[in-house]
Amino acid sequence: MRIDVVSIFPEYLAPLELSLIGKARQDGLLDLSVHDLRSFTTDRHRTVDDTPYGGGAGMVMKAEPWAQALASVAAAQPADAGKPVLIVPSPAGERFNQALAYELAEEDHLVFACGRYEGIDERVIEWAEEYFTVRPVSLGDYVLNGGEVAVLAMVEAIGRLLPGVVGNPESLVEESHSDGLLEYPVYTKPSVWREREVPAVLLSGNHGKIAQWRRHEQYRRTAERRPDLLEAFDAGSLPRADRTALADLGYDVVDGHLKRRPDAGSQPAS
Ligand code: JF5
């Protein structure tokens, strides 16, 4: 996969040299370049922003430097390839999640446009549709100073899904969100630490009971912390033991989906 990132703070993307993603680049699994938006300006002051039409606080990123930068990264693409995907981090975008990470990991070429200030002149987004599949994407309902930190998170989430990047691909299957539930709690040695014991079932050697306990812990945690995930969960063909555990947490299966029982109390059972 090829990834281009355009930013006025290319040094902010330095962590992409490190750890798993840095290794993937060294191994030739990921061809990642960071570009300085200012290098695409032509004025003496290398201006990238200006005041907003209509008034209001802050500054808006000027269209022309963005068009020059994006045309330059789009051009460096084989003519037979499909359109690259232009990802624009923004609190006003669609939500980034594991499903979108998997979808983007299938692409040949991703371009990330890091906005700053109040954002990028909207006409750039319209113009870019001719050369890219444009996707404004949000990491969550909070405001960052610019897109760079969002890009670090997205490149890590996508990069680790590329073939060969994570050593043991089984760790991708087992982890949080691959089945729409939160992960079960984990423990390691010693079995007693500061008078706290590891749950006995994990020391029992009974792999069936361990699997069932972990599954039920996933339901318990998800009910407690992310009831929205439980309501979206596909509960079409659950084993009897799972349905019993969920009923104890106040959830019944209603045509393939989990529904919170109205009489289950205001707090999920623990
Ligand atoms: C940004 C204008 C982009 O703040 C964000 C963001 C929040 N969730 N996901 C992304 O992006 C940076 C700030 C201002 C455009």
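Arg-194 sits in the loop between β8 and β9 (196–197). In this predicted model, the residue has a positive phi of about 50°, although it is not a glycine. Arg-194 is exposed, because its relative accessible area of 67% is over the 50% cut-off. Asp-255 also has a positive phi, near 25°, and is a residue other than glycine. Its place is in the loop between β10 and β11 (257–260). Asp-255 is exposed, with a relative accessible area of 73%.

A cis peptide bond joins Lys-189 and Pro-190. Omega is about 5° there. Pro-190 belongs to the loop between α6 and β8. Glu-183 lies in that loop, between α6 (170–174) and β8 (192–193). Glu-183 is buried, yet has no salt bridge. The nearest side chain of opposite charge is that of Arg-215, 6.8 Å away. The 6.8 Å gap to Arg-215 lies outside the 4 Å limit, so the pair does not count as a salt bridge. Glu-183 does make a polar contact: its side chain meets that of Gln-218 at 3.2 Å.

Arg-215 pairs elsewhere. Its side chain and that of Asp-179 meet in a salt bridge, 2.9 Å from N to O. The pair links distant parts of the chain, 36 residues apart. Arg-215 is in helix α7 (residues 207–225), and Asp-179 is in the loop between α6 and β8. Both residues are partly exposed: Arg-215 has a relative accessible area of 22%, and Asp-179 has 30%.

A search of the whole structure finds 15 salt bridges. One of them joins the side chains of Asp-27 and Lys-23, at 3.0 Å from N to O. Asp-27 is partly exposed at 42% relative accessibility. Lys-23 is partly exposed as well, with a relative accessible area of 47%. Another salt bridge is formed by Asp-141 and Arg-95, whose closest N and O atoms are 3.9 Å apart. Asp-141 lies in the loop between β7 and α5 (148–159) and Arg-95 in strand β5, so the pair ties together parts that are 46 residues apart in sequence. Asp-141 is exposed, with a relative accessible area of 70%. Arg-95 is partly exposed, at 48%.

Salt bridges also form a network, which links Glu-94, Glu-103 and Arg-135. Arg-135 is located in strand β7 (residues 133–138). Its relative accessibility is 18%, under the 20% cut-off, so the residue counts as buried. A polar contact of 2.9 Å joins its side chain to that of Glu-94. Beyond its neighbours within four places in sequence, Arg-135 is in contact with Val-85, Leu-86, Ile-87, Val-88, Glu-94, Leu-100 and Glu-103.

Strand pairing places β7 beside β5. Seven bridges join these two strands, which run parallel. Leu-86 has Val-134 in β7 as its bridge partner. Strand β5 (residues 85–95) is also joined to strand β6 (residues 109–113), by three bridges. The β5 and β6 strands run parallel. Val-85 stands opposite Leu-110 in β6. Together, β5, helix α3 (residues 98–105) and β6 make a right-handed β-α-β unit.

A further parallel pair involves strand β1 (residues 2–7) and strand β2 (residues 31–36). Six bridges join these strands. Ser-33 in β2 is the bridge partner of Asp-4. From β1, the chain crosses through helix α1 (residues 19–26) to β2. This β-α-β crossover is right-handed.

Leu-249 is found in the loop between α9 (240–248) and β10 (251–254). The residue is buried, with a relative accessible area of 7%. Leu-249 and Ala-223 are 26 residues apart in sequence. In space, their C-alpha atoms are 7.1 Å apart.

Technical notes:
Residues are numbered from 1 along each chain as its sequence is written. This is a predicted model: local features need pLDDT of at least 70, side-chain atom pairs count only at pLDDT 80 or more; totals for chains, interfaces and linings use all residues. Side-chain values use heavy atoms; hydrogens and water are left out. Two strands pair if DSSP finds at least two bridges between them. Helices (H or I, at least four residues) and strands (E, at least two) are DSSP runs, numbered from the N terminus. A crossover is right-handed if, with the strands pointing away from the viewer, the path from the first strand over the helix to the second runs clockwise. Buried means under 20% relative accessible area, exposed over 50%, partly exposed in between (1.4 Å probe, protein chains only). Lys and Arg count as positive and Asp and Glu as negative; His and the chain ends are not counted. A polar contact is a pair of N or O atoms within 3.5 Å; within protein, one must be able to donate a hydrogen and the other to accept it, and residues adjacent in sequence count only if both atoms are side-chain atoms. Contact means heavy atoms within 4.5 Å.
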